[in-house]
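Student: I've got a structure open and a few minutes. Can you walk me through it?

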Amino acid sequence: MLVIWGRKDSFNVQKVMWLIGELGLSYQAVPFGGPFGDCNSAEFVAINPTRHIPVITLDGQTVWESHTILRFLAASDDQQRFWSQSPLERTGVERWMDWSQTSLEPDLMLGVFWGMIRTPEAERDWPFIQKKVAQCTRHFEMLEGILSQRPFLSGDRFGLADIPTGATLYRYFSLEIARPSLPAVEAWYQRLQSRPAYREHVMVSYDSLRGQRIEL
Ligand SMILES: N[C@@H](CCC(=O)N[C@@H](CS)C(=O)NCC(=O)O)C(=O)O
């Protein structure tokens, strides 16, 4: 049985849950992180020394790091619905996963989201937040150019490249921030919202995270 450790309002857990939903896998969810379980506990550190959710276990093996889990689940799928045997073809997908994790997410999630939502109101650093919003504008304008040429970040059809960046959209479009005109990105967001797994696992309220700043 596939077991996933994490909490439903964790952005990195949501990426994994979204793919689990797309693949139609059976799973057992173990609420963990935040109020559900301490990632710094000795029991958890023995499982994941980096002290983060998500973690999955399958057949006695443990996998952590959200994008590693995404690749593992996609590569393990009998039908290879989200995986290619061609290393070159895979780069077309993996470059967007890496870009999301190393460029977009630090600015949007650790910058704007943490700055506005996780940080208590009295402590918010608005010049820092505005700088991060401006960086997000550049990221999303770049995505606008890509998505005006094709329906999905992965190409003609939905794929693994859509998951990390697509999972940011619920928060990007619900935060009270300035956004540029993004018709192609918004059309992509609509396409993602037509997927039941996206609605179930990504469009999750983050109200319980307000003011809840933790050490990562
Ligand atoms: N690079 C890691 C980052 C994981 C991460 O930052 N997880 C956060 C939740 S999104 C976490 O563990 N928070 C601690 C907690 O919720 O207690 C990954 O992609 O899996």
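Student: Which domains is the protein divided into?

Tutor: Domain 1 covers 2-76 and domain 2 covers 87-195. Those bounds come from an automatic or database domain assignment. Residues are numbered from 1 along each chain as its sequence is written. This is a predicted model: local features need pLDDT of at least 70, side-chain atom pairs count only at pLDDT 80 or more, and totals for chains, interfaces and linings use all residues.

Student: How far apart are the C-alpha centres of domain 1 and domain 2?

Tutor: They lie 22 Å apart. The contact takes 8 residues from domain 1 and 7 residues from domain 2. Contact here means C-beta atoms, placed from the backbone, within 7 Å.

Student: Which elements give two or more residues to the side of domain 1 that touches domain 2?

Tutor: α1 and α3 (66-76). The largest share, 5 residues, comes from α1. Helices are DSSP runs of H or I with at least four residues, strands are runs of E with at least two, and both are numbered from the N terminus.

Student: And by class, what does that side of domain 1 have?

Tutor: It has 5 nonpolar, 2 polar and 1 charged residues. Ala, Val, Leu, Ile, Met, Phe, Trp, Tyr, Cys and Pro count as nonpolar, Asp, Glu, Lys and Arg as charged, and the others, Gly among them, as polar.

Student: New topic, the sheet. In what order do the strands come?

Tutor: The 4 strands run β2-β1-β3-β4 in an open sheet, with mixed pairing. Two strands pair if DSSP finds at least two bridges between them.

Student: Why is one side of β2 and of β4 left without a neighbour in the sheet?

Tutor: β2 (27-31) and β4 (61-64) stand at the edges, so each has a single partner strand.

Student: In which sense do β1 and β2 pair, parallel or antiparallel?

Tutor: Parallel, over 5 bridges, with β1 at residues 2-6. Isoleucine 4 has alanine 29 in β2 as its bridge partner. β1, helix α1 (residues 11-23) and β2 also make a right-handed β-α-β unit. Right-handed means that, with the strands pointing away from the viewer, the path from the first strand over the helix to the second runs clockwise.

Student: And β3 with β4, parallel or antiparallel?

Tutor: Antiparallel, over 4 bridges, with β3 at residues 55-58. Isoleucine 56 stands opposite valine 63 in β4.

Technical notes: Two residues are in contact if their C-beta atoms, placed from the backbone, lie within 7 Å.
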